[in-house]
Amino acid sequence: MSVTLNITKSKVAILELSRPEKHNAFNAEIIAELIKTIEYANELDIRALVLKTQGKHFSAGADLAWMKSMADNNYEENVADSLELAKLMQVLATSPHPTLCLVQGAAFGGALGLIACCDIAVATPNAKFCLSEVKLGLIPAVISPYVIKAIGERQARRYFLTAEVFQAEKALDLGLIHQISDNLEQSEEYFIEQLLNNGPTAVKSAKSLIDEVSDKAIDEQLITHTAKRIAEIRVSDEGQEGLSAFFDKRAPNWQPTASE
(Lines give C-alpha, C1' and ligand atoms only; values in the text may rest on other atoms or scores of the structure.)
Protein backbone atom coordinates (compact mmCIF):
# COMPACT_ATOMS: atom_id res chain seq x y z
CA MET A 1 0.00 0.00 0.00
CA SER A 2 1.37 3.41 -0.99
CA VAL A 3 -1.08 5.22 1.30
CA THR A 4 -1.50 4.23 4.94
CA LEU A 5 -3.61 5.57 7.80
CA ASN A 6 -2.79 4.90 11.44
CA ILE A 7 -4.78 6.12 14.43
CA THR A 8 -2.86 6.88 17.63
CA LYS A 9 -4.13 6.34 21.18
CA SER A 10 -4.77 10.08 21.31
CA LYS A 11 -7.12 9.74 18.31
CA VAL A 12 -4.80 11.44 15.84
CA ALA A 13 -4.88 10.06 12.29
CA ILE A 14 -1.49 9.81 10.57
CA LEU A 15 -1.87 9.65 6.78
CA GLU A 16 1.38 8.73 5.05
CA LEU A 17 2.24 8.50 1.36
CA SER A 18 5.08 6.07 0.76
CA ARG A 19 6.35 6.12 -2.80
CA PRO A 20 9.89 7.40 -2.29
CA GLU A 21 11.24 5.68 -5.40
CA LYS A 22 9.02 8.06 -7.42
CA HIS A 23 9.60 11.03 -5.07
CA ASN A 24 6.03 10.54 -3.83
CA ALA A 25 4.61 11.70 -7.14
CA PHE A 26 0.94 10.92 -7.59
CA ASN A 27 -0.92 9.21 -10.39
CA ALA A 28 -4.54 8.15 -10.82
CA GLU A 29 -4.17 5.22 -8.43
CA ILE A 30 -2.47 7.30 -5.72
CA ILE A 31 -5.08 10.04 -6.05
CA ALA A 32 -7.89 7.47 -5.69
CA GLU A 33 -6.19 5.98 -2.61
CA LEU A 34 -5.74 9.40 -1.04
CA ILE A 35 -9.36 10.36 -1.68
CA LYS A 36 -10.65 7.12 -0.19
CA THR A 37 -8.38 7.40 2.85
CA ILE A 38 -9.12 11.06 3.57
CA GLU A 39 -12.87 10.54 3.13
CA TYR A 40 -12.65 7.67 5.62
CA ALA A 41 -10.64 9.79 8.07
CA ASN A 42 -13.11 12.66 7.74
CA GLU A 43 -15.85 10.42 9.11
CA LEU A 44 -13.83 9.21 12.10
CA ASP A 45 -14.06 10.55 15.65
CA ILE A 46 -10.49 11.87 15.71
CA ARG A 47 -8.75 14.99 17.02
CA ALA A 48 -6.46 15.75 14.08
CA LEU A 49 -5.28 14.52 10.69
CA VAL A 50 -1.55 14.60 9.86
CA LEU A 51 -0.33 14.39 6.25
CA LYS A 52 3.25 13.30 5.65
CA THR A 53 5.35 11.37 3.15
CA GLN A 54 8.31 9.02 3.36
CA GLY A 55 11.68 9.57 1.73
CA LYS A 56 13.84 12.51 0.80
CA HIS A 57 11.11 14.58 -0.87
CA PHE A 58 7.57 15.50 0.11
CA SER A 59 6.23 15.12 -3.44
CA ALA A 60 7.32 15.83 -6.98
CA GLY A 61 3.68 16.45 -7.93
CA ALA A 62 2.25 14.51 -10.86
CA ASP A 63 3.93 11.28 -11.92
CA LEU A 64 5.63 11.67 -15.31
CA ALA A 65 4.22 8.41 -16.70
CA TRP A 66 0.73 9.48 -15.62
CA MET A 67 1.18 12.88 -17.24
CA LYS A 68 2.27 11.21 -20.47
CA SER A 69 -0.79 8.96 -20.45
CA MET A 70 -3.05 11.96 -19.91
CA ALA A 71 -1.45 13.72 -22.87
CA ASP A 72 -2.55 10.76 -24.99
CA ASN A 73 -6.13 10.98 -23.70
CA ASN A 74 -8.89 13.04 -25.28
CA TYR A 75 -10.44 16.17 -23.76
CA GLU A 76 -13.26 14.34 -21.93
CA GLU A 77 -10.84 11.85 -20.40
CA ASN A 78 -8.58 14.70 -19.28
CA VAL A 79 -11.52 16.45 -17.63
CA ALA A 80 -12.40 13.25 -15.76
CA ASP A 81 -8.80 12.84 -14.57
CA SER A 82 -8.61 16.46 -13.46
CA LEU A 83 -11.88 16.21 -11.56
CA GLU A 84 -10.39 13.39 -9.49
CA LEU A 85 -7.46 15.59 -8.52
CA ALA A 86 -9.93 18.37 -7.75
CA LYS A 87 -11.86 15.98 -5.51
CA LEU A 88 -8.66 15.12 -3.64
CA MET A 89 -8.00 18.79 -2.92
CA GLN A 90 -11.60 19.34 -1.87
CA VAL A 91 -11.86 16.43 0.56
CA LEU A 92 -8.62 17.54 2.22
CA ALA A 93 -9.48 21.24 2.31
CA THR A 94 -12.97 20.56 3.71
CA SER A 95 -11.94 18.01 6.32
CA PRO A 96 -13.79 18.80 9.56
CA HIS A 97 -10.67 17.91 11.53
CA PRO A 98 -7.64 20.16 12.00
CA THR A 99 -5.03 19.12 9.44
CA LEU A 100 -1.24 19.30 9.71
CA CYS A 101 1.13 18.91 6.75
CA LEU A 102 4.82 18.07 7.19
CA VAL A 103 7.07 18.93 4.24
CA GLN A 104 10.62 17.79 3.53
CA GLY A 105 12.77 18.19 0.43
CA ALA A 106 11.05 19.09 -2.82
CA ALA A 107 7.38 20.01 -3.12
CA PHE A 108 6.52 20.71 -6.74
CA GLY A 109 3.38 21.26 -8.79
CA GLY A 110 0.28 19.65 -7.34
CA ALA A 111 2.08 19.02 -4.05
CA LEU A 112 1.64 22.71 -3.27
CA GLY A 113 -2.09 22.14 -3.51
CA LEU A 114 -1.93 19.52 -0.77
CA ILE A 115 0.09 21.88 1.43
CA ALA A 116 -2.28 24.79 0.83
CA CYS A 117 -5.31 22.62 1.63
CA CYS A 118 -4.02 21.85 5.14
CA ASP A 119 -4.69 24.10 8.13
CA ILE A 120 -1.10 24.06 9.38
CA ALA A 121 2.05 23.40 7.35
CA VAL A 122 5.63 22.94 8.59
CA ALA A 123 8.68 22.48 6.37
CA THR A 124 12.34 21.65 6.84
CA PRO A 125 14.92 24.41 6.18
CA ASN A 126 16.08 22.68 2.99
CA ALA A 127 12.58 22.32 1.54
CA LYS A 128 12.10 23.68 -1.98
CA PHE A 129 8.85 24.68 -3.62
CA CYS A 130 7.83 25.28 -7.21
CA LEU A 131 4.61 25.88 -9.10
CA SER A 132 6.26 24.21 -12.06
CA GLU A 133 3.32 23.67 -14.41
CA VAL A 134 4.08 26.39 -16.97
CA LYS A 135 7.54 24.89 -17.54
CA LEU A 136 5.66 21.98 -19.11
CA GLY A 137 3.25 24.18 -21.03
CA LEU A 138 0.52 23.57 -18.43
CA ILE A 139 -1.18 25.63 -15.70
CA PRO A 140 -1.80 24.94 -11.97
CA ALA A 141 -5.53 25.08 -12.57
CA VAL A 142 -7.01 22.56 -10.12
CA ILE A 143 -4.86 23.66 -7.18
CA SER A 144 -5.17 27.38 -7.95
CA PRO A 145 -8.12 28.20 -5.63
CA TYR A 146 -6.29 26.77 -2.63
CA VAL A 147 -2.84 28.13 -3.43
CA ILE A 148 -4.17 31.61 -4.20
CA LYS A 149 -6.11 31.58 -0.94
CA ALA A 150 -2.85 30.71 0.85
CA ILE A 151 -0.39 33.09 -0.82
CA GLY A 152 -2.69 35.75 -2.29
CA GLU A 153 -3.39 36.89 -5.84
CA ARG A 154 -0.42 39.26 -6.06
CA GLN A 155 2.15 36.55 -5.22
CA ALA A 156 0.37 34.05 -7.47
CA ARG A 157 0.88 36.45 -10.37
CA ARG A 158 4.61 36.01 -9.90
CA TYR A 159 5.02 32.34 -9.01
CA PHE A 160 2.34 30.92 -11.32
CA LEU A 161 3.97 32.71 -14.26
CA THR A 162 7.69 32.31 -13.53
CA ALA A 163 7.72 28.76 -12.13
CA GLU A 164 10.61 29.86 -9.92
CA VAL A 165 11.93 27.46 -7.33
CA PHE A 166 11.74 29.11 -3.91
CA GLN A 167 13.10 28.13 -0.53
CA ALA A 168 11.42 27.46 2.80
CA GLU A 169 12.06 31.02 4.02
CA LYS A 170 10.15 32.40 1.03
CA ALA A 171 7.35 29.86 1.51
CA LEU A 172 7.07 31.09 5.09
CA ASP A 173 7.02 34.70 3.95
CA LEU A 174 4.33 33.92 1.37
CA GLY A 175 2.11 32.18 3.93
CA LEU A 176 2.28 28.80 2.22
CA ILE A 177 3.82 27.30 5.36
CA HIS A 178 3.56 28.42 8.98
CA GLN A 179 6.89 27.29 10.38
CA ILE A 180 10.34 26.06 9.45
CA SER A 181 11.68 23.22 11.58
CA ASP A 182 14.90 21.21 11.76
CA ASN A 183 12.90 18.40 13.36
CA LEU A 184 9.53 17.60 11.75
CA GLU A 185 8.79 14.89 14.30
CA GLN A 186 9.26 17.36 17.13
CA SER A 187 7.05 19.92 15.37
CA GLU A 188 4.41 17.27 14.78
CA GLU A 189 4.37 16.46 18.50
CA TYR A 190 4.20 20.15 19.38
CA PHE A 191 1.20 20.95 17.18
CA ILE A 192 -0.65 17.79 18.17
CA GLU A 193 -0.14 18.68 21.83
CA GLN A 194 -1.52 22.17 21.20
CA LEU A 195 -4.57 20.77 19.41
CA LEU A 196 -5.25 18.11 22.05
CA ASN A 197 -5.25 20.75 24.78
CA ASN A 198 -8.24 22.43 23.16
CA GLY A 199 -11.90 21.50 23.10
CA PRO A 200 -12.41 19.07 20.18
CA THR A 201 -15.80 20.50 19.22
CA ALA A 202 -14.51 24.04 19.64
CA VAL A 203 -11.57 23.34 17.33
CA LYS A 204 -13.85 21.99 14.60
CA SER A 205 -16.27 24.88 15.10
CA ALA A 206 -13.43 27.40 14.93
CA LYS A 207 -12.31 25.83 11.66
CA SER A 208 -15.78 26.04 10.11
CA LEU A 209 -16.13 29.60 11.43
CA ILE A 210 -13.17 30.69 9.31
CA ASP A 211 -14.94 29.63 6.11
CA GLU A 212 -18.16 31.26 7.25
CA VAL A 213 -16.52 34.62 7.99
CA SER A 214 -13.64 34.94 5.50
CA ASP A 215 -14.18 37.53 2.75
CA LYS A 216 -17.69 38.30 4.00
CA ALA A 217 -19.01 41.80 4.52
CA ILE A 218 -19.26 42.72 8.20
CA ASP A 219 -22.97 43.43 8.04
CA GLU A 220 -25.90 42.80 10.34
CA GLN A 221 -26.31 39.25 9.07
CA LEU A 222 -22.70 38.31 9.80
CA ILE A 223 -22.74 40.02 13.20
CA THR A 224 -25.88 38.12 14.18
CA HIS A 225 -24.44 34.86 12.88
CA THR A 226 -21.24 35.17 14.91
CA ALA A 227 -23.20 36.13 18.03
CA LYS A 228 -25.32 32.99 17.65
CA ARG A 229 -22.24 30.84 17.12
CA ILE A 230 -20.61 31.89 20.40
CA ALA A 231 -23.93 31.62 22.26
CA GLU A 232 -24.47 28.07 20.97
CA ILE A 233 -21.06 26.86 22.08
CA ARG A 234 -21.23 28.62 25.47
CA VAL A 235 -24.31 26.62 26.41
CA SER A 236 -22.99 23.35 24.94
CA ASP A 237 -21.65 20.59 27.17
CA GLU A 238 -18.10 21.27 26.03
CA GLY A 239 -18.42 25.01 26.54
CA GLN A 240 -19.81 24.51 30.03
CA GLU A 241 -17.02 22.06 30.88
CA GLY A 242 -14.35 24.42 29.57
CA LEU A 243 -15.63 27.37 31.57
CA SER A 244 -16.08 25.27 34.71
CA ALA A 245 -12.56 23.86 34.41
CA PHE A 246 -11.14 27.36 34.01
CA PHE A 247 -12.85 28.73 37.10
CA ASP A 248 -12.16 25.54 39.10
CA LYS A 249 -8.48 25.74 38.06
CA ARG A 250 -8.43 22.16 36.76
CA ALA A 251 -7.80 20.49 33.41
CA PRO A 252 -10.93 20.05 31.23
CA ASN A 253 -12.06 16.49 30.57
CA TRP A 254 -10.88 16.49 26.95
CA GLN A 255 -7.21 16.97 27.73
CA PRO A 256 -5.17 13.76 27.50
CA THR A 257 -3.85 12.28 30.71
CA ALA A 258 -0.16 11.60 31.33
CA SER A 259 -0.67 7.93 30.40
CA GLU A 260 -2.08 8.74 26.94
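Modeller: A polar contact is a pair of N or O atoms within 3.5 Å; within protein, one atom must be able to donate a hydrogen and the other to accept it. The model before us is predicted, and between its domain 1 and domain 2 there are 3 residue pairs in polar contact, both residues at pLDDT 80 or more.

Biologist: How should I read the area buried between domain 1 and domain 2?

Modeller: The size of an interface is often given as the accessible area lost when the parts come together. Here about 540 Å² is buried between domain 1 and domain 2, and carbon and sulfur atoms give 49% of that area. On the side of domain 1, Arg 47, Pro 96 and Pro 98 supply 52% of the area buried against domain 2, more than any other three residues.

Biologist: How many salt bridges are found across the interface of domain 1 and domain 2?

Modeller: A salt bridge requires a side-chain nitrogen of Lys or Arg within 4 Å of a carboxyl oxygen of Asp or Glu. The rule finds 1 across this interface. Lys 207 forms a salt bridge with Asp 119, with 2.9 Å between the closest N and O atoms.

Biologist: Let us turn to the strands. Which way do the residues of strand S6 point?

Modeller: In a regular strand the side chains alternate between the two faces of the sheet. In S6 (residues 120-123), Ile 120 and Val 122 point one way, while Ala 121 and Ala 123 point the other way; all are buried.

Biologist: Which strands are joined to S6?

Modeller: Strand S4 (residues 99-103) runs parallel to S6 and is joined to it by 4 bridges, with Leu 100 opposite Ile 120. Strand S9 (residues 179-180) also runs parallel to S6, through 2 bridges, and here Ala 123 faces Ile 180.

Biologist: In what order do the strands form the sheet?

Modeller: The sheet is open and has 6 strands in the order S1-S2-S3-S4-S6-S9, with mixed pairing. S1 (3-7) and S9 stand at the edges with a single partner strand each, so one side of each has no neighbour in the sheet. The partner of S1 is S2 (residues 12-17), paired in the antiparallel sense over 5 bridges; within this pair, Ile 7 stands opposite Ala 13.

Technical notes
Residues are numbered from 1 along each chain as its sequence is written. This is a predicted model: local features need pLDDT of at least 70, side-chain atom pairs count only at pLDDT 80 or more; totals for chains, interfaces and linings use all residues. Side-chain values use heavy atoms; hydrogens and water are left out. Buried means under 20% relative accessible area, exposed over 50%, partly exposed in between (1.4 Å probe, protein chains only). Two strands pair if DSSP finds at least two bridges between them. Buried area is the accessible area (1.4 Å probe) that two parts lose on being put together, summed over both. A polar contact is a pair of N or O atoms within 3.5 Å; within protein, one must be able to donate a hydrogen and the other to accept it, and residues adjacent in sequence count only if both atoms are side-chain atoms.
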